[in-house]
Amino acid sequence: MILVVSTVRSFLPKRAISSSTNFRFRSLSGTTGDETEWPTDKVRSTFIEFFQERDHVMQPSSPSAPLNDPTLLFTNAGMNQFKPIFLGQVDPSSPLATLKRACNSQKCIRAGGKHNDLEDVGRDTYHHTFFEMLGSWSFGDYFKKEAIDNAWTLLTKVYKLDPDRLYATYFEGDENVEEDTEARDFWLQYLPSERIIGCSAKDNFWEVSTIPKL
């Protein structure tokens, strides 16, 4: 399985495309009935090449069992290798210190801890204990508009998914954080309002751990 995630400093709406061995995307027009076979290697290489053409640095996958992160038993997300950047702990002499744009294909295991997918395996088509997560990242460079533009171009022009079958989500807000109308309005450039869905923090935010209240 490959999970496609577009991320810019915080997690933006994501759409999973999954299959056991191959991906089959119908032609954009949908009129010929033909299908193009997309093996996993092609999905992965197409994603990486797309973002490399847009000045993203390819970051090799980290080990599935982290070598230098005692807080994790397994690498469970594509953002793990960028934790020093997010936490402001990056070594100034590290290549991560000057990283502005990145893309990666991270091998992930979710078989324990807070994000344990074991109970969901077999209940749907996209929960697995081992998978690859494709991600695009911006660190203080571009933000929501460019991330959404890239996602739309990749899905509809490169992978040629049918635009009429795509939906987007945005954060609908809660007592602590305002509604993300900015992301919603960017999506309105591509999708009708009925296919842009506001979601709660439970559905639209992803947390590695619970932050204790002081």
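The accessible surface of the chain comes to about 12,500 Å², and carbon and sulfur atoms account for 50% of that area. The model is predicted. Its chain holds five helices and ten strands, and buried residues make up 39% of its 214 residues. Among contacts with a separation of 6 or more, 66% are between residues 24 or more positions apart.

**Nonpolar cores**

- In soluble globular proteins, nonpolar side chains tend to be buried together.
- The largest nonpolar core here has 23 residues, and those with the most contacts inside it are Phe 47, Phe 51, Leu 154, Tyr 159, Trp 187 and Leu 191.
- At least two residues of this core come from each of α1 (40-52), α3 (144-158), β9 (168-171) and α4 (181-187).
- Another core, of eleven residues, lies apart from the largest one; Phe 82, Leu 99, Cys 108 and Met 133 are among its members.
- Leaving aside neighbours within four places in sequence, Leu 154 is in contact with Phe 47, Phe 50, Phe 51 and Tyr 159.

**Helix α3**

- At 1.5 Å a residue, the 15 residues of α3 should span 21 Å; the end C-alpha atoms of the helix are 20 Å apart, which agrees.
- The buried residues of α3 include Ala 147, Ile 148, Trp 152, Leu 154 and Leu 155, as well as Lys 144, Asp 149 and Asn 150.
- Lys 160, which follows α3, has a positive phi, near 60 degrees.

**Salt bridges**

- Side chains of opposite charge can pair when their charged atoms come close.
- A search of the whole structure finds eleven salt bridges.
- One of them joins the side chains of Glu 132 and Arg 44, at 2.6 Å from N to O.
- This pair links distant parts of the chain, with Glu 132 in strand β8 (residues 130-138) and Arg 44 in helix α1, 88 residues apart.
- Glu 132 is buried, with a relative accessible area of 11%, whereas Arg 44 is partly exposed at 22%.
- Lys 144 forms a salt bridge with Glu 182, their closest N and O atoms being 3.5 Å apart.
- This second pair also links distant parts of the chain: Lys 144 belongs to helix α3 and Glu 182 to helix α4, 38 residues apart.
- Lys 144 counts as buried at 12% relative accessibility, while Glu 182 is partly exposed at 40%.
- Glu 179 forms a salt bridge with Arg 184, with the closest N and O atoms 3.8 Å apart.
- Salt bridges that share partners join Asp 41, Arg 44 and Glu 132 into one network.

Technical notes: Residues numbered from 1 in each chain as written. Predicted model: local features only at pLDDT ≥ 70, side-chain atom pairs only at ≥ 80, totals over all residues. Heavy atoms only, no water. Core = buried A, V, L, I, M, F, W, Y, C linked by side-chain atoms within 4.5 Å. Buried < 20%, exposed > 50% of the residue type's maximum accessible area, 1.4 Å probe, protein only. Helix = DSSP H or I, 4+ residues; strand = E, 2+ residues; numbered from the N terminus. Contact = heavy atoms within 4.5 Å. Expected span 1.5 Å × (residues − 1). Areas by Shrake-Rupley, 256 points an atom, 1.4 Å probe, with all protein chains shown as cover. Salt bridge = Lys/Arg side-chain N within 4 Å of Asp/Glu carboxyl O.
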